[in-house]
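Me: I would like a close look at a single part of this model, followed by whatever connects to it. Please keep the answer plain.

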Amino acid sequence: MRDSELTEKVQSSIDRQCQRCGYVAPVVVLMDVGVLDKKKYEEWRIGKVPYLESVCTCNLRKLSLIMKQIQSYAQEAGYRPSYCFYGRWGMKKKKDRSRRNVQPLRFSKSGNPKIERTYATHYVDGKRITELKAEAELKKAALMMKQDAAVDANSGELS
């Protein structure tokens, strides 16, 4: 795949993610553009894979290009960067210990903190989050009205 095609796919993925949930997660972009298989991602999350880059189907140059595109497109769009902790799935938390039992996951072979942070940074579209919250409130209100109407209808039948 050419770099220009890859750039278009990355931007399209970012737009879809923001529309759907209000933020962009680089690992989801990697899955959307076809360089990370969902099953391999899940194996990494449960700790079967030592680092995420090892299961990506492209070379490090392409991965680097994708990550730079995510960062620059999100920055241009005015999205706020937000670090997200990636811990291994399937580790039970003890009541008193919170995250101390959760094993952090690695993204890169080198473990370079800058690279790790780049993969773990999500980009939040504050405007879209506000819209999604408003939509959820409207749905909740509509559901409440529907339930109230059903109760009124049932109580009318019992009278």
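How far is the sulfur of C58 from the closest cysteine sulfur, and in which residue is that sulfur?

Reply: The model is predicted. The closest cysteine sulfur to that of C58 belongs to C56, at 6.0 Å, which is too far for a bond. A disulfide needs the two sulfur atoms within 2.5 Å, and the structure holds 0 disulfides. C56 itself counts as buried, because its relative accessibility is 10%, and the limit for buried is under 20%.

The crossing of α1 past α4 is right-handed. On the α1 side the contact is made by D3, L6, T7, V10, Q11, I14 and D15, and these meet R61, K62, L65, I66, Q69, I70 and Y73 of α4. By type, the residues of this contact are 7 nonpolar, 3 polar and 4 charged.

Helix α4 also holds Q75. Q75 counts as exposed, because its relative accessibility is 62% and the limit for exposed is over 50%. From Q75 to R128 the separation is 53 residues in sequence, and their C-alpha atoms are 15 Å apart in space.

Note on methods
Residues are numbered from 1 along each chain as its sequence is written. This is a predicted model: local features need pLDDT of at least 70, side-chain atom pairs count only at pLDDT 80 or more; totals for chains, interfaces and linings use all residues. Side-chain values use heavy atoms; hydrogens and water are left out. Buried means under 20% relative accessible area, exposed over 50%, partly exposed in between (1.4 Å probe, protein chains only). A crossing is left-handed if the near helix is turned anticlockwise from the far one by less than a right angle, and right-handed if clockwise. Helices (H or I, at least four residues) and strands (E, at least two) are DSSP runs, numbered from the N terminus. Contact means heavy atoms within 4.5 Å. Ala, Val, Leu, Ile, Met, Phe, Trp, Tyr, Cys and Pro count as nonpolar, Asp, Glu, Lys and Arg as charged, and the others, Gly among them, as polar.
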